Every structure is written in structure tokens, then in C-alpha cells.
Amino acid sequence: MLEIKDAVAVITGGGGGIGLEMAKYWVQNGGKVVIVDIAAKFLEGAERELKDMGGDVLSVVCNVTSEDDCAKMADAAIARFGKINLVAPFAGIIKDGMMLSPDKETGKVTRKMSLDQFKSVIDINLIGVFLTVRECAERMINNNCQGLICLISSTGSLGTAGQINYSSTKAAMSVMPKVITAEFFRRGMAGKIRCVAVAPGYVGTAMVKGMDQKALEKIVSDVPIGRLIEPAEVASLVGELYRNEALAGEVYFIHGGLRLGSKG
Ligand SMILES: NC(=O)c1ccc[n+]([C@@H]2O[C@H](COP(=O)([O-])OP(=O)(O)OC[C@H]3O[C@@H](n4cnc5c(N)ncnc54)[C@H](O)[C@@H]3O)[C@@H](O)[C@H]2O)c1
């Protein structure tokens, strides 16, 4: 079993939502955190909160779609703490819409998802994760670090209408742990640097709680436990995945009993 005490977590999207909750969990358990977000304004409040909890915190402004930013961010983590033990590439966005929208009367397509709408989600949720993981894992290997890469997939990985961009990236998150674990296995490193993914259902972050209340009620009515998942519950799962060294290469769902699968 690994201990979180004194371990170093790099968390992208650490300025808010699930990322910030992950950072709080890590600090509460005696770990050190590198919180990473796209603008300083997202990091200031988070850093203050974590420091008030007694946390040893480094804030790094980094656009995860930039190769250069990701390399500098991973260097900054090593320069400050000398090691990385948890990589949590949680920065992510949604830009929902139907791929094709036919007119109800004519039946002809009047709108389609733009390439930009599709690609902007791929850039952050897939390429951003690839760059974050590649740069951090490189430094983990070169600095002889032990720990976990924990990606964040979603129940959307199974296919949600209106999310062809998002669902595609989250499906990728569920296969990447298998690829990375297989590659590290070939090099005899899979026990030292493990890779998994968590796949949450509807989590009560500001984004979800701020939705149209009717739509939110409909969502919650489909969740057997009768409520949204708390961000702290996702963080706690990641903590257990970190500690338990038997867990590797797999996706762990956390959705309150949701029936999974594509719905029309
Ligand atoms: N909220 C949910 O219900 C839910 C469910 C399943 C999975 N997830 C996943 O969890 C992760 C976090 O979601 P959240 O609900 O906390 O969202 P959020 O919007 O609260 O947080 C995302 C963070 O990522 C940052 N970010 C966005 N683009 C960035 C970029 N290019 N570079 C660096 N940082 C960037 C944002 O500034 C923000 O702080 C996402 O990957 C999301 O897909 C969320």
C-alpha cells in the first residue's frame, strides 16, 4: 500500500471542480500538491484555500493543449518538490450539441456541429491529457518516482447523445490505462508507475448544479442513489486507487448505480 503523506500530486484543472476537491483531499491526507489551470485567476482562490488547510502548494498556469506549457509545468513540479507521485489530468471541458440537426418540418439538416466545436474538446480532453501524462510520466521515470497516473473518464464514455466530441474523448480515457500499463509492463515499470481511470456519473460541481433545475431534476431521477455524486467522493476513490497497488490498467465507475449504455 502506498501512503499519501509527503507524496506529490500534479492536478490539472486544479483551480476548481473535481480537481480542487482532489487537491483538498490530497492535502488533508498529508500530501503536497501542484495545482495547474489555464489562468492565474482560477488558481488564486484555490491556492489560498489549500494553504489555509496547511497545504504545501505550487500553482502553475498552463494551457494543457500546449506541449511547451506541459513540459514547463512538469519541470516546475520537479524543481519544487523533486518528485511526482500522482498525475491527475482532470482539466476538461464540454461543448455539447447534436452532430446533425434536421429541421422538424422539412426533415433536412439545418445545423451541424462545427469542426471547431468538435476539435476544441478533443484538444483539451484528449491531447491535453496525452501531453500532461507524457511530460509528467517522463519525469517520474527519470527521477525514479513511484505512484499512479489517474485519468478521468465518464459514464459519457459509453455514448451520450449530444456529446459526440466529449464522449469520444472520455472513451479514449478508458483505453489509455490499458495502453500505458501494457507499455510500462514491457519495460518492467508497471508495478512502480500504475495507470487507471475513474469514470464518474453526474458530479455536483458548480457546472452541473448551475444547470436548468428541471433538467437537473430529470438527471437525478435516473440515479438510483437519488442524488449527484459529490466531488469529494470522486477524490476519495482516487485516493484509494493510489494506495492500493493491486489496481492497474482498469476503469473504475462511480455513478450511484446509474444504468449504463447509450440512450436515445
Ligand atoms: N462534473 C461531472 O459531472 C463530471 C463527470 C464525469 C467526468 N468529469 C470530468 O472531470 C473533470 C473535471 O470536471 P469538473 O466538473 O470539475 O469541471 P470544471 O469546469 O469545474 O473544472 C475544469 C477545470 O479545467 C480547467 N481547464 C479548462 N481548460 C483548460 C486548459 N486548456 N488548460 C488547463 N486547464 C484547463 C478549467 O479552468 C477548470 O478549472 C473533467 O475532465 C470532466 O470531463 C466531470
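This is a predicted model: local features need pLDDT of at least 70, side-chain atom pairs count only at pLDDT 80 or more; totals for chains, interfaces and linings use all residues.
Which residue with a positive phi follows H3? The answer is Gly-82, with a phi near 80°.

**Helix H3**

- H3 covers residues 67–81, which makes 15 residues. From its first C-alpha to its last, H3 reaches 21 Å, close to the 21 Å expected at 1.5 Å a residue.
- Its buried residues are Asp-69, Cys-70, Met-73, Ala-74 and Ala-77. Looking down the axis of H3, you will find these buried residues within an arc of 130°, so they line one face of the helix.

**Helix H2**

- H2 runs over residues 40–52 and has 13 residues. Its reach from first C-alpha to last is 18 Å, close to the 18 Å expected at 1.5 Å a residue.
- Leu-43, Ala-46 and Leu-50 are the buried residues of H2. Seen down the axis of H2, they fall within an arc of 75°, so they line one face of the helix.
- The other side of H2 carries the exposed residues Ala-40, Lys-41, Gly-45, Arg-48, Lys-51 and Asp-52.
- Among the elements covering the buried residues of H2 are helix H1 and strands E2 and E3.
- After H2 comes Gly-54, whose phi is positive, near 90°.

**Helices H1 and H8**

- H1 (residues 17–28) packs with H8 (residues 231–243) at an angle of about 55°, and their axes are 8 Å apart.
- The two helices, H1 and H8, are therefore oblique to each other. The crossing in which H1 passes H8 is right-handed.
- On the H1 side, the residues that meet H8 are Gly-17, Ile-18, Glu-21, Met-22 and Tyr-25.
- Their partners in H8 are Pro-231, Ala-232, Val-234, Ala-235, Ser-236, Val-238 and Gly-239.
- H1 also belongs to the cover over the buried residues of H2.

Terms used:
Residues are numbered from 1 along each chain as its sequence is written. Helices (H or I, at least four residues) and strands (E, at least two) are DSSP runs, numbered from the N terminus. The expected span of a helix is 1.5 Å times one less than its number of residues. A residue is buried if 20 or more other C-beta atoms lie within 10 Å of its own, exposed if 12 or fewer, and partly exposed in between; C-beta atoms are placed from the backbone. The arc is that of the directions from the helix axis to the C-beta atoms. Axes are lines fitted to C-alpha atoms, for helices over the stretch in contact, and angles run from 0 to 180 degrees between N-to-C directions. Angles under 35 degrees count as roughly parallel, over 145 as roughly antiparallel, 65 to 115 as roughly perpendicular and the rest as oblique. A crossing is left-handed if the near helix is turned anticlockwise from the far one by less than a right angle, and right-handed if clockwise. Two residues are in contact if their C-beta atoms, placed from the backbone, lie within 7 Å.
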